[in-house]
Every structure is written in C-alpha cells, then in structure tokens.
Amino acid sequence: MDPTALGKQKTKSGALLNIKRDLQFWDVPDLLSSWGNEEGETDCCKWLGVGCANDSGHVISLDLSSISTLGINDYMLNWIVGGKINPSLFELRYLNYLDLSFIQFMGSRIPSSIGTLGHLRYLNLSYTFMGGEIPPQLANLSNLQVLDLGYNHYTINSLKWLSHLSSLIDLRLNGINLSKAYDWVQIVNQLPGLTTLELGYCNLRDVVIPPSFSSVNSSASSLSILNLSNNNLSVSVFSWLFNFSNSLVHLDLSVNQLEGSVPESFGKITALKLLDLSRNDKLSGSIPEAFSKMTALTYLDLSRDKFKGSIPEIFFNISSLEYLDLGDNMLEGELPKSIWNLSMLRTLRIASNNLSGNLPQTSFQKLKQLERLDISRNSLGGVISEASFSELSELHYLDLSFNSLALNIHSEWIPPFRLRNIFLGSCKLGPQFPKWLRTQKNYSFLDISNSGISDSIPNWFWNLSNGFQSMNLSNNQLNGEIGNISLDLHEELFNDNLDIDLSTNQLEGVVPSFLFKVAAVDLSRNRFSKLNVPCNINGHTALKFLDISYNELSGELPDCWSRLKELRLLILAKNKLAGKIPPSIGSLTEIEALRLTGNNFIGELPATLKNCTQFSVIDFGGNKLSGPIPTWIGENLHGLIILSMRSNYFSGSIPSHLCHLTNLQLLDLSLNDISGSIPKCVSNFTAMRKGNLMEFKSILRLVKSIDLSSNRLTGEIPTEIVKLDGLVSLNLSRNNLHGQIPHEIGQLTSLDVLDLSRNNLLGQIPRSLTQIDRLSTLDLSNNNLSGKFRPALNFRASLVLHSWEILNCADLHSQ
C-alpha cells in the first residue's frame, strides 16, 4: 500500500478507535468488536457502520444506529450503548452522513465543533439524552438536508439558527420543548425546500402568521409531511396549514386543543394520504362531507373527538382507505351500507359510539384485507353468520363486544383466520361452548364474558397458546369442575402478566392448583367447595390477585401461604371457611388487601400479620374472631386505608395506637364487645379531612366513614372528632356514651349520615347541626336530649329525634 494512503488509513482508523473508546456497552458484548486496533492494518472502510468514498477513500458515513437500536422492541426502549462524543469525531471532516441516534450521551451538549463538518447532509442525534443550548455553530452546516434532534432535553428559545440551513428538506424536532420558540412558523416559512416537518410533543402554542407571510416563496410549495401532534395548538393552525393544500400528503394534528367544527377547506387538500385529527376532545360537529374529496386518503383517524350525527354515506367514496378509526365519538344512526365496500381496509374501528341498527349477516365478507375489526360498545344488533368471516384470512384482531350481536356459527366451523385478540363479550355465542376457539392457537387476549354459554369448559380449552395473557369467561353459566393441569407441561406459559376471570358462573369442586401460577385469578361468585393452596409448589409463582369470594369453600385454610410471595390482594369473603387465620399469611409481605369477610374464622389475629406493612385494606368483618384489637395494627400498618373488623367478638378498648393510621378513610369496629372511651386522638385520621382524597381503585371508591356502633363504649364524644370535616358517615349508636353532643359538630359539613341514637347523651341538641346541609339521615333517638330543634330551610335530612317520631323536613318547617 502507498505509504501516504497507509498513513491516511491509520489516521482514519485511529479517529474511529478513539470514538469507540468513549462508548460503553451495557449488558451486551462489545458490539464494535469487529473494529480493528492500533497495531492492525484492518481496512476501516469495511468496519460496521463505516462508509467510505470509492475514489478518495475518505470516511463519508458513520452510522452507529444499527448497534444502538438492538435494544428497541415493540414495548420499550432499552439503551444498551452510552458514553460521550470523542473529539476525534471531528477529524472525519469529509463526513456527509452521521447517525448516533439511541446512544445515551448522558446529558452532554452538542459539541460546538459540529460546525466544522461542513460536508454533512444527514445528521441524526435523536434519543441521545443530550441537553443544554443548541450551539450556534450548527448553523454552519449549510449543506444539511436532514436534521433529527428529536426526544432530547435541549433548551431552545428561538429557532433562528435554522434559517441558515437553507438546504433542509427534512426537519425533525419531536419531543423538544419549543414553548418559548414563538418564531417557529416564521422560520419554517424561510425553508423553501422543506418537505418533511415533525414537531410532535413540542408544547407548541397557537400559530401566529406574520403579516409578511407569502406562500409563494415559502415551504408551502413543497411541504408534504407535517406532524404537529401532541401540542397545544388551536384552530388558528388551520389558516396556516391550508397554504400547503397543493403539497400536503401526511398531516397529523392529533392530541391538540382543536375545537369546534372541522372546516370545509379540508376538501381542498386533495393529495392527502394520511389525516389524523384524533384526541382533540373539543373537536365537534358532524363529519364534513368535504372529506369525500380527499380521494387519495389511505389513513384517516378521527377517534376520541366529539363528532356527532350520522356517518355520511358519500364519505365512503374514498375507496383507497386502508385505515379508518371513528371510535370514541358520539356518532349515531345506522352504519352506511357502503362501508362494507371498502375492500382495501386493513383497520376498521368505530367503537364506543351510539350507532344502532342491524348488521347484515355477511357484513364483513368483502373486506378481504381486514386485519383489525373493532365495532364494540355501540347498540348494533343482528345475526352474523360464519359466511361473514369466510374471506378474512388476514384478521388477527376482532372486537364485537358490548353490542346486541349474535354469532350463528356451525359447531364444526373452521375459521380462515388465526386471531391474536378475541373480544366477544356480551355477544350471543351459547348455549354450547364455541368449538371454533379450538383452532385459535395464537391468541393473547380472549373475552367471551356474558355470552350465554351454559356448558362445561372442555379440556382442550386449557391448551393455552404461548402468547396467552388474558382470559375473561365471566358472567356465563359455565358448570362442572376444572380439571387440574400439569404445571410441567405449561411452565413456559406463565409470567407476571397473565390473568384469568371465571367469575359469576356455576363452576364447582376443587380450585385447580395450576391457577396459582397465574398473575391474577377471579373465581368469585361460583360454587367452588375446596381450596388447596399448593404447599409443594415448585418454581416461581406470579400470583398477585386472588378472588374466590362468594363461593362454598369450607374447612380450614392451609398454612403454607409463604409459597405465594408475590400476592398483593387476597379475597376469600362470603364462604364457609373456619378455624384460625393461618400465621403463614403474615409472610405475604407484599400484600395490600386481605378480605375474609363473612366466614367462620375464630381466635385472635395472628401476630405475624404485623409483617404485612404494605396493607391498604383489612376486612375481617362477619366472623367469630376474638381477643383485643392488636396494637401492632397502628404501630406497623401505617398505610391502612380501610380497617373493618365489624361483627366479631373483639373486646377490650380501642387502642390509641390506631391513631397512627393517618391514611385511614374507613374505620368499622361495630357489632363487637369493645369498651372504654373513644380516643381523643381520632383527629389524627387526617385522610378523613377535606382536601385529603385518596382512592383504592382495586376495591371501591371510598366514603369516609367511622362506625363504632353496637359496642359498650363509655365516656363522652371527643370534641376532637369535629376536625374530621371530610367524614360522610358517623355512627356511634347503641353504646353507653354520655355527656353532651359537641356544640361544634356542625363543622362536619360533609356528613350524609349521623347516628348517635341509643346512648345516654344529654343536654341541648346543637343548633350547629343545621349547618350540615348534606345530611340525609340524622338519628338522635333514645337519648336524654332536650330543647327544640329548628332546622334551616335548606335542611334536607330525615330526622329521628325521639324513639316514636320520624320527621321529614316538611313536617319540621310546618311546626
């Protein structure tokens, strides 16, 4: 090799190796291991991601995106390459193509030396975690045609530097905060060759068109792809974008602040192939018939807006449509017959509207290209025959749920498709279990709930696909037993996301042990009689949610719950379980909710439960539990939101330690044998005050409540209780409380129910009660109260003041 060429080769190789030296490869092998080293004479032009000019041998292309994008999948970005930009990069001064996207440069800035790469025509630094200000030297790249800086953390107050890049044809700044870059419209108008502009997720404000704007010498003559999604733009953007009517092919205005009707001027953008106006929740009116003039459309998304009226028949003259989403609007009336003639459709979604009428039996027969069909959550009716699906070999997503549809399918039918998502909830499928499901080996989601099936579950059904994630067979009349399945045969199925809902059926027998390998299982409202916790279970158990309430479980619970370390929610309410609560439940240190209501459990609460410090809900009501209320509840379970121990045999006093439960919103100790006084520290239940709204979504939306009724409490009602001004219900009835009702009780202005009956209270009825205008029930009967109670005119409660009189508001105001 010529010594001069050899020297140049080593210079180029050295610069590239310096670049590699400052890169880090996380949890993966060295993805650039094929690159040479200082001693070798490997031709760097053959290295991965390196391109050279044929004549001069100069490095003109460096593309490291191929190694960094190995960490990208359909669900997440997983950065596997990081580090910093080595200054040797700028020795490659003949570069015209540079792609460093998806390499995490950890907040570093774009080096000012970038301006020395004057030959660059393509620059991609997207998803690199870079920040700071854009260096003004970037404006020196006058040959730049493609610039992508998207999804970084730059500080940009002005885009004036862009006006120097007159060769730009493709500009992508997605995900960069441009809320202070008020000049973005003016700058874009100064880039005459621009064909692609992507400014999604940029926090853009309203468009202000300068008086000097001229569409003749601006990008209006060339702009074909415009993405302004996920911003704060209003309808003022329309007057600007309609200047591009002759060139626009792709327009995305989804997730903005558009409101009112869609202008008829859209009909002038006749070259448009993609239009996305979705998720503008103030965009209303009818779907304009002007859309029918956009005969080149292949993609149209008008979902999650507020469109009303019927779907225009003429709208379906657009025979080129491949993607149509009109879902989540307020459209009504029948579906136009012409919709079934859109033979190019791959996705059809009209879910969650008010559409009605009966579908033809062969509705979908002509949609041979269809891959996704979703007409759920409407009021559509009719009978759909198997002939309707006969040509849909490409279909993989089917959602007909929550309509009044019936499927007339022969028991031996073999579908032409292999579905991955099957949603047929509330469709008429029964009474027999649909045998055609046997052919669907690849589904991930299955919902055939409330579908009129009154049959047993066939054994073949449990040969689940490897991609299985969720199954809902609830609200049918499924009967018989579920045979157990060998865990060894299905070990590959189970992961942390699987859920099975068999609730509200007539299933019986033993709860099969294979279900303990699933993440979430709902067997509530069946006839299961025996629960065998698999004490000898091997391997990982993913079970987080188990609900077997309202069944016929009997006997004692096995004491091997330590095998189910992941369990978060356990509901065994309304069964016939007996014996003591097994201590091993205390080993469920991640558990958040435990409901054992309505069984026959006896004895004291196991002290091991104090280890369950993640508790939000404890409900032991309606059992035969006894002993004192443990102090460790208040000492250890600081996250409790619900504590219900009603209707048991608990005795002793209310421990003051309960006052440590500052998150508590519902306390029910009623129907026990508790004595002593009500602790004054109840005012520490700060979540029961106004402005402290919490919600435990897996159980119920809470009504802030205290119920201590039907015990043997003595002493006075503590005045501190009036600080809990978020209380909706307070029941202290059927105790031995004495003294006066606190005069300040009217401060509990959120009360809907107040019951202080059957105590030994005395004195005047506080006039402050009239301040509680939300009261619907007030019972002060069977006490020793005196005086007259004259409610205000807006007082609405039904009153029980004496044991023999029940007065409503009208009675009181007439007295």
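Since the model is predicted, local features need pLDDT of at least 70 and side-chain atom pairs count only at pLDDT 80 or more, while totals for chains, interfaces and linings use all residues. Residues are numbered from 1 along each chain as its sequence is written, and side-chain values use heavy atoms, with hydrogens and water left out.

To begin with the overall picture, the protein has 6 helices and 56 strands (DSSP runs numbered from the N terminus, H or I of at least four residues for helices and E of at least two for strands). Of its 815 residues, 54% are buried, where buried means under 20% relative accessible area, exposed over 50% and partly exposed in between, with a 1.4 Å probe and protein chains only. Among contacts (heavy atoms within 4.5 Å) with a separation of 6 or more, 56% involve residues 24 or more positions apart.

Next come the strands, which pair if DSSP finds at least two bridges between them. An open sheet of 5 strands runs in the order β18-β20-β22-β24-β26, with parallel pairing. Its edges are β18 (308-309) and β26 (404-408), each pairing on one side only. Inside this sheet, β20 (residues 330-334) and β22 (residues 354-358) share 3 bridges, and Glu332 has Asn354 of β22 as its bridge partner. Further along, β38 (residues 576-580) is joined in parallel by 3 bridges to β36 (residues 554-556), with Ser554 opposite Lys576. β38 also pairs in the parallel sense with β40 (residues 600-603), again over 3 bridges; here Ala578 partners Asn600.

As for aromatic rings, 27 pairs turn up across the whole structure. Rings of Phe, Tyr and Trp (its six-membered ring) pair if their centres lie within 6.5 Å; planes under 30 degrees apart are stacked, over 60 edge-to-face and the rest tilted. Trp184 and Trp240 are edge-to-face, because their centres are 5.3 Å apart and their planes stand at 80°. The pair links helix α3 (residues 184-188) and helix α4 (residues 236-241), with the two residues 56 apart. Trp184 is buried at 3% relative accessibility, as is Trp240 at 0%.

Phe389 and Trp413 make a tilted pair, 6.2 Å centre to centre with 40° between the planes. Both are buried, Phe389 at 2% and Trp413 at 11%. They belong to a cluster of linked ring pairs that also takes in Trp340, Phe364, Phe417 and Trp436.
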